[in-house]
Amino acid sequence: MLFQDIVFWILAVMAIVGALGVVLVPNLFRAALLLIVVFVSVAGMFILLSAEFLAVVQILIYVGAIAILIIFAIMLTRDVQHGNLPNRMQIPAAVFAALLLTALVAVAVDTKWEFLPADQQDRAELIQVNALTTLTGEVLDDAGVSPEDQTEVQESGLADLLISDYVLPFEAVSVLLLAALIGALVLVRPNPGTGRG
Amino acid sequence: MNCVLGADNILNDTVLYRVIYEAVGHVLPCGVSYVVAGLAMMLILANGVLLGAGLFSWVERRLIGRFHNRIGPNRWGPFGMLQPLADLVKLLTKEDLTPRGADRIVFAIVPVAMVAPVILMMAVVPFAKDTALVNLNVGILYILAVTSITSIAIFMAGWSSDNRYAMFGASRGVAVLISYEVPVVMSLLGVVILAGSMSLDDVVSAQAVPFFLVQPLAFFVFLAGTSAELNRTPFDVAEAESEIIAGYHIEYSGVKFALIQAAEFGAVLTASAVMVTLFLGGWSGPFASYLGWAWFLLKIGVLAFVFSWVRATFPRLRIDQLLAFAWKFLLPLSIINLFATALEVYFLRDAAGTLDTTDLWIMAGINFGVAFACLLIFGTLIKEKVRPAGPVTGAILSPGEAD
């Protein structure tokens, strides 16, 4: 338990210092790099909670794609070295941030975090594994899952859930992404009248 | 004092880790030996990759020398084998310069950020039976995630150097990395469908027939895409010497340059190792239970030779040709491969959802036909797309003059 505590505190301090750096460092490029530090620390937290899939996806999407996008956007800003000039929105921003923080803390404190009882823990782990690997009947027999429950475990993987229970949100997200893609293409298409963008 | 790893510990499957842990556990308290064993494994991994990179730099220089009809480094040691050591000493004794306008902190982090993904990638690759450092059940995703860190490192190098050429090289490099990521990931999906798992151990054991026979199209796409992601000729627009001098690592010298070079050569080895695991059957072969590591190294050698061969043979592509190659050639091919594989698995699998060896051979036959037809058709189509923009008057155009 001791090591997990040490690792947790290292990751927590990294994440918080990184997050503070993102808002306080004037150099925008460094701020983007500090954001990557935050993403990596959160991925470390996921590993600590034995959610390797989430950790890997966090790195793949946030570090590999979103951070690159942010850096590209930063390269288009006016003054990377000194950041943007302050404007009059500081007070509304502070109020909004305070409200958001209050709401998040209230939700976190108010929620009843239920831990799975020991007999369901193994089952949950099997379901997690099944999200990535097709478990055969033999493996489930070895793990002591009764034949009646096997289909339930086998069909509770992430992929199966995405195309059964959550097919509507999944498709909605796909349509949204497609719309964004077409929108981007329309925006960068050269104007036929002048031949310029 | 006897320390025993818990059965649920993720490192329990790693024999080497367990041996070191139990050996150290006789002398030191369990908590300390846990850390010591971990550090020992890290040392082995890092040194293995970096020494391999040094050795490969010599092999490749000799090989390319032969391809160019010259000799290559042959002075120091048997066949010039100690040349990497001489290079290292030379680079270590050189002055470590930082440009005046550079972002010093970011500039110093870059070499580390370049080497780290290369070493991390090796952690999930099984060298022989049960020898992967960690048998992650998300192994393939992990490899993809770790490689994506490289693009950040290239960006950091370009930005922090305060040099136009470095910035050009970095934007080109990132454009190439982002474009080629897509077909590479799509080509891996076929492998994942066949193996039914993302764990590299399971992928190896699923290869009753090596997957480069079952998935020839995916193998081709992955080989070409990886070659581009490694920034090697013919895809090395990010550091094209004749156009932008050295690209993103133009300002690096001394030990930092040595690290960046080590990362580039090491990346070839790790990419070969990943490809061996995914497509060439990993450590399997005759007498695999005790000669697995030898098969693994042999296959890596073959693939590394192919990489050097390609590098020595083809001229460099232009950046627009390069991106067209990714989006108009490799991406459609990988989608066709994914579609064909999914259909074949749907029709050939038995009631339990598994494929036997006969099924795999049938798929190999069909997929070879598909691959041949696709390469023929797309090869003719892409010819039109990559033709030089200006009028060509019969004279031989060098890649630099073509634009």
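In this predicted model, helix α4 (residues 104-122) of chain B packs against helix α12 (residues 254-279) of chain B at an angle of about 20 degrees. Their axes lie 8 Å apart. Angles under 35 degrees count as roughly parallel, and α4(B) and α12(B) are therefore roughly parallel to each other. The crossing of α4(B) past α12(B) is left-handed.

Which residues of α4(B) meet α12(B)? They are Pro111(B), Met114(B), Val115(B), Val118(B), Met121(B) and Met122(B). An α-helix has 3.6 residues a turn, so residues three or four places apart point the same way. On the α12(B) side, the partners include Lys256(B), Leu259(B), Ile260(B), Ala263(B), Gly266(B), Ala267(B), Thr270(B) and Val274(B). By class, the residues of this contact divide into 13 nonpolar, 2 polar and 1 charged.

The crossing of α2(B) past α13(B) is right-handed. From α2(B), the contact takes Phe56(B), Glu60(B), Leu63(B), Ile64(B) and Phe67(B). From α13(B), it takes Ala304(B), Ser308(B), Arg311(B) and Ala312(B). The residues of the contact of α2(B) with α13(B) divide into 6 nonpolar, 1 polar and 2 charged.

Next comes the boundary between the chains. Here 26 residues of chain B are in contact with 21 residues of chain A. Four helices of chain B, α2 (30-67), α5 (139-147), α6 (149-160) and α7 (164-195), each supply at least two residues of the side that touches chain A. Which helix gives the largest share of that side? It is α6(B), with 6 residues. The side of chain B that touches chain A divides into 17 nonpolar residues, 8 polar and 1 charged.

Finally, turn to helix α4 (residues 90-110) of chain A. How many of the 21 residues of α4(A) are buried? The number is 0, so α4(A) lies largely in the open. At 1.5 Å a residue, the 21 residues of α4(A) should span 30 Å. The end C-alpha atoms of α4(A) are 30 Å apart, which agrees.

Notes: Residues numbered from 1 in each chain as written. Chains lettered and ligands numbered in written order. Predicted model: local features only at pLDDT ≥ 70, side-chain atom pairs only at ≥ 80, totals over all residues. Axes fitted to C-alpha atoms, helices over the stretch in contact; angles between N-to-C directions. Parallel < 35°, antiparallel > 145°, perpendicular 65-115°, else oblique. Left-handed = near helix turned anticlockwise from the far one by under 90°. Contact = placed C-beta atoms within 7 Å. Nonpolar A, V, L, I, M, F, W, Y, C, P; charged D, E, K, R; others polar. Expected span 1.5 Å × (residues − 1). Buried ≥ 20, exposed ≤ 12 C-beta atoms within 10 Å, placed from the backbone.
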